[in-house]
Amino acid sequence: MTDGADGRPVVDSPTGWVNKHIHEYLESGGEKGHDWRPGVPTLLLTTTGRKSGVRRRTALIYVVHGAEYLVIASNGGSHVPAWFLNLQADPEVQIQVGATVATATARVVDPAERAELWPAVTAVWPAYDEYQAKADRQIPIVAIAPR
């Protein structure tokens, strides 16, 4: 458990490589980790647990769309990720993009907007198409608007 930008405790992803990515991102002020791979930017998303109330942080690939950041609730085409369920219950989140930390509001894009945005997200991470092909659900796109 670490402290968030506001000093409140945050539990980071327990997945080994994600946890390491988060810590490198935080320790470097976003200099390490923001560009996960060439052309593949990541942000840190902190949600509030829908059952526990515990703040939880993960690292996600993002795409800029106007004033919003788009993240994909893919979980590699597996089950719906917990962070997505958490933000559905409480859309008030915190993000860190590079060195910038902001409170934000998340929303799931509607199906028509999703169809329009899907090519932009697969341009950044083509594997999203593979994840969608193996998923038994339509993988949601979440738009996050900083305040």
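This is a predicted model: local features need pLDDT of at least 70, side-chain atom pairs count only at pLDDT 80 or more; totals for chains, interfaces and linings use all residues.
Glycine 33 is a handy place to start. This residue sits in the loop that runs between helix H1 (16-27) and strand S3 (35-37). Its relative accessible area comes to 14%, so glycine 33 counts as buried, the cut-off being under 20%. Setting aside residues up to four places away in sequence, glycine 33 touches His21, Tyr25 and Thr42. Valine 97 is 64 residues away from glycine 33 in sequence, yet the two C-alpha atoms are 10.0 Å apart in space.

Next up is glutamine 96, which belongs to strand S8 (residues 92-97). Glutamine 96 has a relative accessible area of 11% and is buried. Beyond its neighbours within four places in sequence, glutamine 96 is in contact with Tyr25, Leu26, Gly29, Gly30, Leu43, Leu44 and Val101. A polar atom of the glutamine 96 side chain also lies 2.9 Å from the backbone oxygen of glycine 98. As for proline 146, it is 50 residues from glutamine 96 along the sequence, with 10.0 Å between their C-alpha atoms.

That leaves the helix pair. Two packed helices are described by the angle between their axes and the distance between the axes. For helix H3 (residues 111-124) and helix H4 (residues 127-134), the axes come within 8 Å and cross at roughly 130 degrees. H3 and H4 are therefore oblique to each other. On the H3 side, Arg114, Trp118, Val121 and Thr122 meet Tyr128, Asp129 and Gln132 from H4. Sorted by class, this contact of H3 with H4 holds three nonpolar, two polar and two charged residues.

Notes
Residues are numbered from 1 along each chain as its sequence is written. Side-chain values use heavy atoms; hydrogens and water are left out. Helices (H or I, at least four residues) and strands (E, at least two) are DSSP runs, numbered from the N terminus. Buried means under 20% relative accessible area, exposed over 50%, partly exposed in between (1.4 Å probe, protein chains only). Contact means heavy atoms within 4.5 Å. Axes are lines fitted to C-alpha atoms, for helices over the stretch in contact, and angles run from 0 to 180 degrees between N-to-C directions. Angles under 35 degrees count as roughly parallel, over 145 as roughly antiparallel, 65 to 115 as roughly perpendicular and the rest as oblique. Ala, Val, Leu, Ile, Met, Phe, Trp, Tyr, Cys and Pro count as nonpolar, Asp, Glu, Lys and Arg as charged, and the others, Gly among them, as polar. A polar contact is a pair of N or O atoms within 3.5 Å; within protein, one must be able to donate a hydrogen and the other to accept it, and residues adjacent in sequence count only if both atoms are side-chain atoms.
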